[in-house]
Amino acid sequence: VLREVRSGIDGGIAVRRAWTVLVLLAALVPGALASQSIRGRVLDSNRRPIVGALIELRDLAGKSLQIVLTTPSGAFQLTAAAPGRYRYRVAAIGFQPRPPTAVDVPADGVILPDIVLATMSMRLPDLVAVGRGRYCGKSGLTDDIFARLIESAHSALQIMETTVKTHQVAFEVAVISTSTLYGAYSNLSVADTIVQPLSRWPVESIDPDTLRLVGFGRLLDPGNESSREYYGPDARVLFSDWFLDTHCFTVDKPKKNAPTDSLHLRFTPARKTKLIDVAGELVLDAHNLALLQFSFTHTNLPNWMTDEAAGGYMEFSRLDSGLWMTKSWSIWAPRGGITPDRGRLSVAGLVEKYGWVLRVYSGRDTIVIAPHDTT
């Protein structure tokens, strides 16, 4: 059926034939198109629904199968491929996460009891204690407070990525792409501004296993610096086993006699390799561990590049509905070239793309304006 749909000369006839085959299959094999659903609700301690909570379905080996967000009523529905035992994980920004829980899914699906999450709260003595350490590799996750920081940052990034992917709300964004060519006396800069829907996560990344082998930047055409691509870490990469094993994390130590509004969770490569790597920081609200900012720079760049020549920055905010979003972002990378005055390879320019959310569409007619500070 798939081959016929793809190669048929008359697309309309091919699609109709495909639907005919599917209808016949459904009639001959009862339940052939049925799915095993897992439904439930996520509430806070006051029994109010939590919108935008993340529900992740995993197999027993820990592989992620599906991620959804709760609706304004706190409801969610996952779909298992076949009856059997699975695990599900629940997390929400500003709430205590729930560890993965096993669930047996019968052929006709299952409805879970209401899932109640407690509000996240942090104590200053705990933050002072965790600020004394440097945590390298997954062994650092044995510290309970530090592990909570990592888990909260991971869940927050996943939630905001999923908000974009699932289209639970729609975003209209302004994106400006600039290309600057450095000159001996003046710089030539070209900018292009577009307004468009936000259809994918702004930071481009690739599979963690591939990054482990090629690094966060590589030449697609050997010897041609104009073909160099840079990759940024997304939630899947930043909290993968490989990344945690090869990077060290530290937390700024809060001052005992001063109010603490934010925590800076910094990461750096544990050791230097021949590959381009990344360092950066995640800024979290010190009271409920909500993620406020995320930034990174590429390290171990070629000698002719300056430090922090490539990197990115993202800022997050909470909507009135309870959903979280990526409010603004910026990603930049250098252009390589032969400078006339030096006659050797150096940074000859800069390519940057930055954007911000103009409007958020929730439901049919609700429009939320999210202003951007351009100062």
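Helix α4 supplies the largest share of the lining of the largest pocket, 11 residues. The model is predicted: local features need pLDDT of at least 70, side-chain atom pairs count only at pLDDT 80 or more, and totals for chains, interfaces and linings use all residues. Residues are numbered from 1 along each chain as its sequence is written, and side-chain values use heavy atoms, with hydrogens and water left out.

The largest pocket has a volume of about 1,200 Å³. Its lining comprises 39 residues, and H154, Q158, A235, R236 and F239 are the closest to its centre. Elements giving two or more residues to this lining are β2, β3, β6, α4, α5 (208-214), α6 (235-238) and α7 (241-245). A pocket is an open set of points on a 1 Å grid over the protein atoms alone, with protein on both sides within 12 Å along at least five of seven lines; lining residues have an atom within 4 Å of a point. Grid points are joined across faces, edges and corners, and a volume is the space filled by probe spheres set on the points.

Rolling a probe the size of a water molecule over the atoms shows where empty space is left. A cavity is a set of grid points where a 1.4 Å probe fits but cannot get out. The structure holds 3 cavities of 30 Å³ or more. The largest cavity contains about 80 Å³ of space. It is lined by 14 residues, with A92, I93, F95, S152 and S155 nearest its centre. Helix α4 (residues 144-166) gives the most to this lining, with 4 residues.

Three of the pocket-lining elements, β2, β3 and β6, also belong to an open sheet of 4 strands. The strand order is β3-β2-β5-β6, with antiparallel pairing. Strands β3 (64-69) and β6 (98-105) stand at the edges with a single partner strand each, so one side of each has no neighbour in the sheet. Neighbouring strands are turned by 25° against each other on average, direction ignored. Axes are lines fitted to C-alpha atoms. Strands pair if DSSP finds at least two bridges between them. Strand β2 (residues 54-58) is joined to β3 by 5 bridges, and I55 has V68 in β3 as its bridge partner. The hairpin of β2 and β3 has 5 residues between the strands, and G62 takes a positive phi near 95° there. Strand β5 (residues 84-91) is joined to β6 by 6 bridges. Here R85 has D104 in β6 as its bridge partner.

Two backbone sites stand out by their phi values. Most residues other than glycine have a negative phi. L289 has a positive phi near 65°. This residue lies in the loop between β16 (277-285) and β17 (291-299). L289 counts as buried because its relative accessibility is 1%. N300 also has a positive phi, of about 60°. N300 is found in the loop between β17 and β18 (311-318). At 26% relative accessibility, N300 counts as partly exposed. Buried means under 20% relative accessible area, exposed over 50%, and partly exposed in between (1.4 Å probe, protein chains only).

Overall, the protein has 7 helices and 21 strands. These are DSSP runs numbered from the N terminus (helices: H or I, at least four residues; strands: E, at least two). Of its 375 residues, 44% count as buried.

How values were computed:
Axes are lines fitted to C-alpha atoms, for helices over the stretch in contact, and angles run from 0 to 180 degrees between N-to-C directions.
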